[in-house]
Amino acid sequence: MKFLKPSKAVILLQGRYAGRKAVIVKSFDDGTNDRRYGQCLVAGIAKYPKKVIRKDSAKKSAKKSRVKTFVKLVNYNHIMPTRYTIDVDLKDVVSVDVLQSRDKKVAAAKAVKFGDGSKKMISALLCFVGFRLVVRDFAVLLQDLCVS
């Protein structure tokens with residue numbers, strides 16, 4: 001599909017991560033040998049940060065501020081594209097070969113979380129749905145990240 005291009009923000013509709021926001025890393029219109037349907041490789045947020053309040057301890061606010069990411073191949077029918085694109089290039093970090101083994105997949109998810117531009121991607125995904133974040137690390141990055 002022409003409009004499902006890399007760096008497009010999408011919402012997953014089916015499966016374990018239904019309702020979660022993600023970014024398309026690579027799209028496969030014709031599918032692969034294993035899966036002969038249109039699909040795309042996405043990286044997204046599996047666990048969102050919770051609201052931090054003033055009376056929380058430092059340990060509790062650190063725990064509430066954690067973000068967990070995922071990497072997954074998803075059928076085109078199971079995603080809903082949004083009008084937003086995010087200026088992050090994850091092709092160097094995530095590829096289809098990563099999904100072959102669990103160790104590589106976990107390492108790639110951590111790379112998405114901690115790599116170059118990852119905070120930008122995470123905060124932009126939170127920004128495009130109007131999610132307000134009170135975490136100190138992301139507060140600076142929330143300005144001017146969403147590109148319509």
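User: What should I know about the model first?
Analyst: It is predicted: local features need pLDDT of at least 70, side-chain atom pairs count only at pLDDT 80 or more, and totals for chains, interfaces and linings use all residues. Residues are numbered from 1 along each chain as its sequence is written, and side-chain values use heavy atoms, with hydrogens and water left out.

User: Where does R83 lie?
Analyst: In strand β5, residues 79–85. Strands are DSSP runs of E, at least two residues; helices are runs of H or I, at least four, and both are numbered from the N terminus.

User: Is R83 buried or exposed?
Analyst: Exposed, because its relative accessibility is 61%. The cut-offs are under 20% for buried and over 50% for exposed, with partly exposed in between (1.4 Å probe, protein chains only).

User: How many salt bridges are there?
Analyst: One. The rule asks for a side-chain nitrogen of Lys or Arg within 4 Å of a carboxyl oxygen of Asp or Glu.

User: Which side chains meet in it?
Analyst: D56 and K64, at 3.0 Å, N to O. D56 is buried at 14%. K64 is partly exposed at 21%.

User: Switching topic. Where is K63, and is it buried or exposed?
Analyst: K63 sits in helix α1. K63 is exposed, at 60% relative accessible area.

User: Back to R83. How far apart are R83 and A9 in space?
Analyst: 7.5 Å, C-alpha to C-alpha. In sequence, R83 and A9 are 74 residues apart.
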